[in-house]
Amino acid sequence: MTLPSLMLLLFAVFSSAGGQIMLKHGMKGAAATAGEHGGSVALRAATSPWVVIGLVIFAVSAVAWMSTLAKVPLSIAYPFNALGYLLIVLAGATVLHERTSMWTWGGSLLVVVGLVTVMAGQQR
């Protein structure tokens, strides 16, 4: 895999995770506002800057992912999504202040070990 392909792949994974975190933050706010002031959660979400920006970033990540798939074999590209899971758990705990258990961290570690295993197998 070339360095530009790797950078594109990492951009796709990181932007996808970032978009998901923004969507979660926006939806949490939209649900809280709808609960306090009434109205539709969907309408509150549609007017939330966090949700709109999250969707845009997620769309950009989808385009980056499609570009990645044109250049990198799926058997290499797809395991990199494991980094997205780890990033989301980390951001959920640190940015969104969500509670995580040792089981969550252990499972995330196993996913990363799987990614390293796949990449080590590709180097041969």
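Contact here means heavy atoms within 4.5 Å. The structure described is a predicted model.

The protein chain folds into six helices and zero strands, so that by the DSSP assignment of helices and strands the order of elements from the N terminus reads α-α-α-α-α-α. Along the principal axes, the C-alpha atoms of the protein chain occupy a box of roughly 60 × 35 × 15 Å. The protein chain has 124 residues, of which 27% are buried.

The UniProt record, an unreviewed entry, places the feature "transmembrane region" at residues 50-69, 76-96 and 102-121. In the model, residues 50-69 are 100% helix and 0% strand, with the end C-alpha atoms 28 Å apart. For residues 102-121, the separation of the end C-alpha atoms is likewise 28 Å, and the span is again 100% helix and 0% strand.

Helix H3 covers residues 49-71. The 23 residues of H3 should span 33 Å at 1.5 Å a residue, and this agrees with the 33 Å found between its end C-alpha atoms. Val-51, Gly-54, Ser-61, Ala-64, Trp-65 and Thr-68 are the buried residues of H3. The elements that cover these buried residues include H1, H2 (41-46), H4 (74-77) and H5.

Helix H5 (81-94) contains 14 residues and extends 20 Å from its first C-alpha to its last, close to the 20 Å expected at 1.5 Å a residue. Ala-82, Gly-84, Val-89, Ala-91 and Gly-92 are the buried residues of H5, and they pack against H1 and H6. On the H6 side, Ser-108 lies in the helix formed by residues 102-122. Ser-108 has a relative accessibility of 8% and therefore counts as buried, the cut-off being under 20%. Beyond its neighbours within four places in sequence, Ser-108 is in contact with Leu-86 and Val-89; Val-89 is also one of the buried residues of H5.

The loop between H5 and H6 holds His-97. The phi of His-97 is near 60°, which is a positive value in a residue other than glycine. Most residues other than glycine have a negative phi. With a relative accessible area of 65%, His-97 is exposed.

The largest pocket holds about 260 Å³ of space. It is lined by 13 residues, and those closest to its centre are Ala-12, Val-13, Ser-16, Phe-58 and Asn-81. At least two lining residues come from each of H1 (3-37), H3 (49-71) and H5 (81-94). H1 gives the largest share of the lining, five residues. By residue class, the lining comprises eight nonpolar, five polar and no charged residues.

Asn-81, one of the residues closest to the pocket centre, belongs to helix H5. The relative accessibility of Asn-81 is 22%, so it counts as partly exposed. Apart from its neighbours within four places in sequence, Asn-81 is in contact with Val-13 and Trp-65. Val-13 is itself among the residues closest to the pocket centre, while Trp-65 is among the buried residues of H3. The C-alpha atoms of Asn-81 and Ala-12 are 9.0 Å apart in space, although the two residues are separated by 69 positions in sequence.

Elsewhere in H1, Gly-26 is part of the helix and counts as buried because its relative accessibility is 3%. Leaving out residues up to four places away in sequence, Gly-26 touches Ser-48, Trp-50 and Val-51. Val-51 is one of the buried residues of H3, and H1 is among the elements that cover those residues. Gly-26 and Thr-94 are 68 residues apart in sequence, with their C-alpha atoms 16 Å apart in space.

Definitions and conventions
Residues numbered from 1 in each chain as written. Predicted model: local features only at pLDDT ≥ 70, side-chain atom pairs only at ≥ 80, totals over all residues. Heavy atoms only, no water. UniProt positions renumbered as here; feature names shortened; annotations may be inferred. Helix = DSSP H or I, 4+ residues; strand = E, 2+ residues; numbered from the N terminus. 1 Å grid on protein atoms, 1.4 Å probe; cavity = no way out; pocket = protein on both sides within 12 Å on 5 of 7 lines; lining within 4 Å. Points joined across faces, edges and corners; volume = space filled by probe spheres on them. Nonpolar A, V, L, I, M, F, W, Y, C, P; charged D, E, K, R; others polar. Expected span 1.5 Å × (residues − 1). Buried < 20%, exposed > 50% of the residue type's maximum accessible area, 1.4 Å probe, protein only.
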